[in-house]
Amino acid sequence: MDTSTLFRLDGRVALVTGGSRGIGRMIAAGFVAQGATVYISSRKAAACEEAAAALGPSAHALPHDVSSVEGCRALAADLAGRTDRLDILVNNAGAAWGVPFEEFPESGWDKVMDLNVKSPFFLTQALHGLLRAAGSRERPAKVINITSIDGMRLNAWETYSYQASKAALIQLTKRMAARLVRDGINVTSIAPGAFASDMNKAARDHGDVVAHTIPAGRIGADEDMAGAAIYLASRAGDYVIGETITVDGGLVHAALGNSIDR
């Protein structure tokens with residue numbers, strides 16, 4: 001048994017949505033470091049270009065808005081014009097909305113559910129041909145959905161559609177995995193905890209305070225997120241199918257008491 005290249009991604013092609021910043025960028029950087037060619041997608045072209053330039057010649061900007069089915073199909077068509085296969089898809093683009101129950105708007109429900117649940121499904125559907133071209137039982141293609149620990153337990157905020165969407169995506173991961181495994185495509189998810197990002201401003205701006213609520217005693221580092229994604233994307237994760245890996249420093253499974261009281 002040779003484990004020297006177990007986590008390498010040499011020669012593989014990856015697409016990371018929401019890849020210009022935050023968790024998506026952490027994952028994109030990890031993939032590049034392991035030898036992959038990475039396409040970085042987000043709504044803002046300038047942000048995509050900046051991220052790709054920072055990550056080096058193996059990273060390429062592919063700006064698209066995947067909040068609609070049409071946007072998902074446009075991204076898939078653009079990618080198909082650049083490559084004949086896709087080894088790794090990371091469905092990371094997402095949105096959150098926090099408003100008190102009495103005021104929570106339909107727009108806040110629809111925007112979050114569309115981007116966090118609908119888009120991962122329809123983007124994967126649109127890229128099915130490229131994923132199938134890359135995948136086999138011997139070396140499956142990978143779809144990694146970025147979910148959240150907020151799909152597993154309650155937080156202290158009134159983020160109704162966000163929590164519902166992430167719980168739905170965890171279940172959708174299992175359903176997609178059951179179907180796509182027959183095409184040589186493994187579907188899994190990562191449920192992050194507290195990582196510094198624009199979406200998690202508390203971890204970004206008050207990391208020392210947030211760290212006191214986490215059994216590991218710190219918020220997540222870039223390497224923690226990149227490592228989990230590399231594991232699932234590489235040969236090391238080929239036998240993991242339909243699973244959600246929680247990367248949260250023990251907040252869900254090792255914390256004492258009720259997290260919503262923290």
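The model is a predicted one, so local features need pLDDT of at least 70 and side-chain atom pairs count only at pLDDT 80 or more, while totals for chains, interfaces and linings use all residues. Residues are numbered from 1 along each chain as its sequence is written, and side-chain values use heavy atoms, with hydrogens and water left out.

Charged pairs come up first. Side chains of opposite charge can pair when their charged atoms come close. Ten salt bridges turn up in the structure, counted when a side-chain nitrogen of Lys or Arg sits within 4 Å of a carboxyl oxygen of Asp or Glu. One of them joins Arg8 to Asp10, with 2.7 Å between the closest N and O atoms. Arg8 is partly exposed at a relative accessible area of 30%, and Asp10 is partly exposed too, at 45%; here buried stands for under 20% relative accessible area, exposed for over 50%, and partly exposed for anything in between, using a 1.4 Å probe and protein chains only.

Asp78 pairs with Arg82 in another salt bridge, the closest N and O atoms being 3.1 Å apart. Asp78 has a relative accessible area of 25% and Arg82 one of 45%, which makes Asp78 partly exposed and Arg82 partly exposed as well. Asp150 and Arg153 also meet through their side chains, at 2.5 Å from N to O, but in this case both partners are buried. Elsewhere, a network of salt bridges links Arg85, Asp87 and Arg139.

Now for the rings. A pair of aromatic rings is described by the distance of the centres and the angle of the planes. The structure has three aromatic pairs, meaning rings of Phe, Tyr and Trp (its six-membered ring) with centres within 6.5 Å; planes under 30 degrees apart count as stacked, over 60 as edge-to-face and the rest as tilted. Phe101 and Tyr160 make an edge-to-face pair, 5.9 Å centre to centre with 70° between the planes. This pair links distant parts of the chain, 59 residues apart: Phe101 is in the loop between β4 (88–91) and α4 (106–126), and Tyr160 is in helix α6 (residues 160–180). Helices (H or I, at least four residues) and strands (E, at least two) are DSSP runs numbered from the N terminus. Phe101 is exposed at 57% relative accessible area, whereas Tyr160 is partly exposed at 33%.

Tyr160 also pairs edge-to-face with Phe104, at 5.6 Å centre to centre and 90° between the planes. Phe104 lies in the loop between β4 and α4 and Tyr160 in helix α6, so this pair ties together parts 56 residues apart in sequence. Phe104 counts as buried, at 18% relative accessibility. Through ring pairs, Phe101, Phe104 and Tyr160 are joined into a cluster.
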